[in-house]
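This briefing sets out computed features of one protein chain for a reader working from its sequence and coordinates. Please consult the display below alongside the points that follow.

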Amino acid sequence: DRVTSNFFIGTLLIQPVIFTVLSVGTYLYGGKADFATYAVIGAGMIGIWNSNLWTSGRIVEDERRAGTLALLVASPTPISVVLLGKSLSNAVASLVAMGMTFATGIIAFRLPITLRDPLAFLVSLVLTLIAMTCMGLVLGSIFVITRNAGEFLTVTNYPIFVLSGLTFPITVLPLWTRPLSASLAPTWGNLALNQAADKAVVAAMWPNYLWLIGLSVAYLIVARVLFRRVEYLVRQAGSVEEW
C-alpha cells in the first residue's frame, strides 16, 4: 500500500522535486552555479531524512491505530528491534528521493551531474541510510510515548536541515553550532556524498565513514536506553493508551 499512499507520493516523489527546484534555482540564479550538485544532493538528503523520520513515526501510529502497539511493547522482542527492521525497509524505499532530485536537476536545469567515484558514492549512501535510520529511531521513540510527537518533530525538522548543511553550507553558521552539526548523521552523510561526487579523494572519505559508523552505534545505544525507559513507563502504567 506504500505505492498508493499519498504520504509516500508526497514525501518521495513531489517534495524532492520542489526542494530541488528551489535549492538549485537559488544557487544558479544567485551566481553560484558551482554549488548546483551540492544543492541536488542536499535536496535528496532532505527527502531521505523526511522519509525515514516520518515513515518510522507512521509505523508507530499505524500499530497504535491497529491496537497492536501494546502487544509489541509486551512481546519478548524489544520494540526497538521491531521498529529498526521496519525502518530499514523504509530506508531502502527512500532512495527514490535521491533519484528524483538527480532527475529534476538534469531535466529541469540540464545540470551536467557526474559522479567522480560511483563506488565511494554508493558506500557513502549506504552508510548514510543506516546512520539516518538509527537517528530516526531515537526520535521515533517519542511517537510511542505521546500522540503529539508529530508537532514536536515538525518544529525540529527544519533546524536539522540547517545544522546539517542540507540547505546551505554550515560554514556560514556561528562557530557554536558546529558541535550540534557534528552530532547529526545528515551532516557527515552530506559531506561524504559531495566529496564522492566531486573530489573523489579516498583518504578524505574515511573520516566521514568513521563518523557515520560511530554515530550509528551511538544512536542505537541511545535509542535502546530510551525504549527501555518507554517500556518501563508503559508497564508501570499498565497500558500504552495512557499517552
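How many helices and how many strands does the protein chain have? The model, which is predicted, has 10 helices and zero strands. Read along the sequence, the pattern is accordingly α-α-α-α-α-α-α-α-α-α. Of the 243 residues in the protein chain, buried residues make up 49%.

**Largest pocket**

- The volume of the largest pocket is about 660 Å³.
- Its lining is formed by 26 residues. Those nearest the pocket centre are F35, Y38, N194, Q195 and D198.
- Helix 2 (36-66) and helix 9 (185-197) each contribute at least two residues to this lining.
- Helix 9 gives the largest share of the lining, with seven residues.
- Sorted by class, the lining comprises 13 nonpolar, nine polar and four charged residues.

**Nonpolar surface patch**

- L13, I14, I18, L22 and V96 together make a nonpolar surface patch of about 420 Å².
- Four residues of this patch come from helix 1 (residues 6-28), which supplies the largest share.
- V96, also part of the patch, belongs to helix 5 (residues 95-109).

- T20 is a residue of helix 1. Its relative accessible area is 0%, so T20 is buried, the limit for that class being under 20%.
- T20 and G105 stand 85 residues apart in sequence, yet their C-alpha atoms are 6.9 Å apart in space.
- L125 is placed in helix 6. With a relative accessibility of 11%, L125 is therefore counted as buried.
- What distance separates the C-alpha atoms of L125 and M45? The separation is 9.6 Å, for two residues 80 positions apart along the chain.
- Y232 lies in helix 10 (residues 202-237). Because its relative accessible area is 46%, Y232 is partly exposed.
- Between the C-alpha atoms of Y232 and V73 the separation is 9.8 Å, while the two residues are 159 residues apart along the chain.

**Backbone feature at R110**

- R110 has a phi near 55°, which is a positive value in a residue other than glycine.
- Where is R110 found? R110 occupies the loop between helix 5 and helix 6 (118-145).

- For the pocket, the volume is about 660 Å³, and helix 9 is the leading contributor to the lining with seven residues.
- For the surface patch, helix 1 provides four residues, and V96 is a residue of helix 5.
- Helix 1 also contains T20, whose C-alpha atom is 6.9 Å from that of G105.

Note on methods. Residues numbered from 1 in each chain as written. Predicted model: local features only at pLDDT ≥ 70, side-chain atom pairs only at ≥ 80, totals over all residues. Heavy atoms only, no water. Patch = residues over 30% accessible without salt bridge, like charges linked within 9 Å, V, L, I, M, F, W, Y side chains within 5 Å. Areas by Shrake-Rupley, 256 points an atom, 1.4 Å probe, with all protein chains shown as cover. Salt bridge = Lys/Arg side-chain N within 4 Å of Asp/Glu carboxyl O. 1 Å grid on protein atoms, 1.4 Å probe; cavity = no way out; pocket = protein on both sides within 12 Å on 5 of 7 lines; lining within 4 Å. Points joined across faces, edges and corners; volume = space filled by probe spheres on them. Nonpolar A, V, L, I, M, F, W, Y, C, P; charged D, E, K, R; others polar. Buried < 20%, exposed > 50% of the residue type's maximum accessible area, 1.4 Å probe, protein only.
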